[in-house]
Amino acid sequence: MTRPRKLYVKSYGCQMNVYDSHRMADTLAPEGFVETGTPEDADLVILNTCHIRENATEKVYSELGRLREMKDAAAQEGRKVTVAVAGCVAQAEGKEIIRRAPTVDLVVGPQSYHHLPEMLARAEQGKAIETEFPIETKFDKLAPPSRATVKKRGVSSFVTVQEGCDKFCTFCVVPYTRGMETSRPVEKIAEEVARLADAGVREITLIGQNVNAYHGEGKDGRDWTLGMLLHRLAEIPGVARLRYTTSHPRDMDDSLIAAHRDLAALMPQLHLPVQSGSDRILDAMNRNHTRADFLRLINRLRAAQPKLAFTSDFIVGFPGETEEDFQDTRRLVAEVGFSAAYTFKYSPRPGTPAADMEQQVAEDDKNARLQWLQCDIDRLQADFLAKSRGTTMDVLFEKPGQRAGQIVGRSPYLNSVHVMAPHSLIGEIRPVAITDVGTNTLFGTLVHPHAAEPMLAEA
Ligand code: SAH
Ligand code: SF4
Ligand code: F3S
């Protein structure tokens, strides 16, 4: 039996990294690694990095600076700390990371995580680097989590169903860091979801860089759509809620739109990044749809499921964006009435076409536009939350709240809801009457506080 060693994993960036971090920890568990919540007592530190914007990448290098001091201090006490860089910076920069930060022992790209145990052995002798896209699929090789680990991670879980992207938006590094689009087979996903549900997970969020481009092999040997996959997963006992993210407007096909109408377990919230409301900019971004296409899609989705709320991502200050283009974006935001959105300043990424475009927008203009747009969106978000007051919604309880006797859960729209109720309700879905609205959260009371029957199904 090997001595237990401590592992600290820090995730940056998107949900794919959160999922991958868990799978790395699961794969290292049989090697004797136990997770710890702080880097100070760790024998192995993994930074699972993001390359999407310049500041995301820079964050990693400043963290590596701190880790170097920690590693040196540990070495003085005769303790060896191994530092690994995983994720999209690892894929994009490879051995350049070790040149810039020699404290790093191991660099591993997103498609090679199943090689970690063997790479750690190699890192004992020198630096270990892997940024290939191996043929075998890592999903078959990565170890699943134990039942106890699943329970510890909570009642809501991510499952990667699709990875990579072939869309090549002109601003984006993802096609270079995550490679070509691939989908996992339906039954492999169903097995993973069944295992999670059996250990108490109630809500599954299917994730992928382009999740609705999903086309995994079904039992019948054919390619299944995401809509078909959702139907299959909704049959699994214990699965009460399904979500998926992130989608591309071009890949919302009829089966997926119909799933929003037909599947009670599919939550009425959809993250659909549009990036800009200007046709000129959408074209320069290579998004392959117009503003009118997007609005038509929103209408079709609303017709299929009137309860749907939409969230999105926006980039301001893309090269060539004029004040008028920007006002088109603001008008689109108002027209759709998003319930929330992320806004980003365009960040030129090395190797992407937009980084070399002329007419880069001045930093001051980017800052001003970001503030205007954020302000519009904050107002929409406040309106959306305010409308919940006085309504009753199903809440999936996730964890104890900060106040004694309080528990916290999520509404169908992913807003947190605080309720005074016993801890025994964690993992259950109950109707809650919303009594108060905070800036980001809701407060309410149980509608049937004494109901004896557990209620799993959504109303
Ligand atoms: N696959 C998803 C998004 C992945 S990246 C999609 O197609 O929409 C998440 C978000 O980061 C993007 O939606 C975009 O708004 C933002 N983003 C990506 N590259 C960026 C860049 N170079 N500068 C600023 N924001 C960027
Ligand atoms: Fe990036 Fe575009 Fe692919 Fe999304 S669809 S990951 S923004 S290239
Ligand atoms: Fe970042 Fe890579 Fe995700 S660049 S957003 S961690 S796919």
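Author: Helix α2 is followed by Gly78, whose phi is positive, near 80°. This is a predicted model, in which local features need pLDDT of at least 70 and side-chain atom pairs pLDDT 80 or more, while totals for chains, interfaces and linings use all residues. Residues are numbered from 1 along each chain as its sequence is written, chains are lettered from A and ligands numbered from 1 in the order in which they are written, and side-chain values use heavy atoms, leaving out hydrogens and water.

Reader: Which residues of α2 are buried, and what covers them?

Author: Buried means under 20% relative accessible area, exposed over 50%, and partly exposed in between, with a 1.4 Å probe and protein chains only. The buried residues of α2 include Ala56, Val60, Leu64, Leu67 and Ala74. Their cover includes β1 (5-11), β3 (44-49), β4 (82-86), α3 (87-93) and α4 (96-100).

Reader: Why is α1 described as largely enclosed by the rest of the structure?

Author: Helix α1 is so described because 11 of its 14 residues are buried. Among them are Met16, Tyr19, Arg23, Met24 and Leu28.

Reader: Why does Ser312 count as buried?

Author: Ser312, found in strand β13, has 0% relative accessibility and therefore counts as buried. Its contacts (heavy atoms within 4.5 Å) include His271, Pro273, Phe338 and Tyr342, not counting residues up to four places away in sequence.

Reader: What does the side chain of Ser312 reach at 2.8 Å?

Author: The side chain of Ser312 reaches the backbone oxygen of Leu272 at 2.8 Å and the backbone nitrogen of Val274 at 3.0 Å. A polar contact is a pair of N or O atoms within 3.5 Å; within protein, one must be able to donate a hydrogen and the other to accept it, and residues adjacent in sequence count only if both atoms are side-chain atoms. Both distances, 2.8 Å and 3.0 Å, are within 3.5 Å.

Reader: Why does Glu358 count as exposed?

Author: Glu358 counts as exposed because its relative accessibility is 69%, which is over 50%. Glu358 is found in the loop between β14 and α15 (363-386). Leaving aside neighbours within four places in sequence, Glu358 is in contact with Pro319 and Gly320.

Reader: Which residues come nearest to ligand 1?

Author: Of the 15 residues around ligand 1, Phe171, Gln209, Gln275, Asp313 and Ser347 come nearest. A residue is near a molecule or strand if one of its heavy atoms lies within 4 Å of it. An oxygen atom of ligand 1 is 2.7 Å from an N or O atom in the side chain of Asp313, and a nitrogen atom of the ligand is 3.0 Å from a polar backbone atom of Phe171.

How values were computed:
Helices (H or I, at least four residues) and strands (E, at least two) are DSSP runs, numbered from the N terminus.
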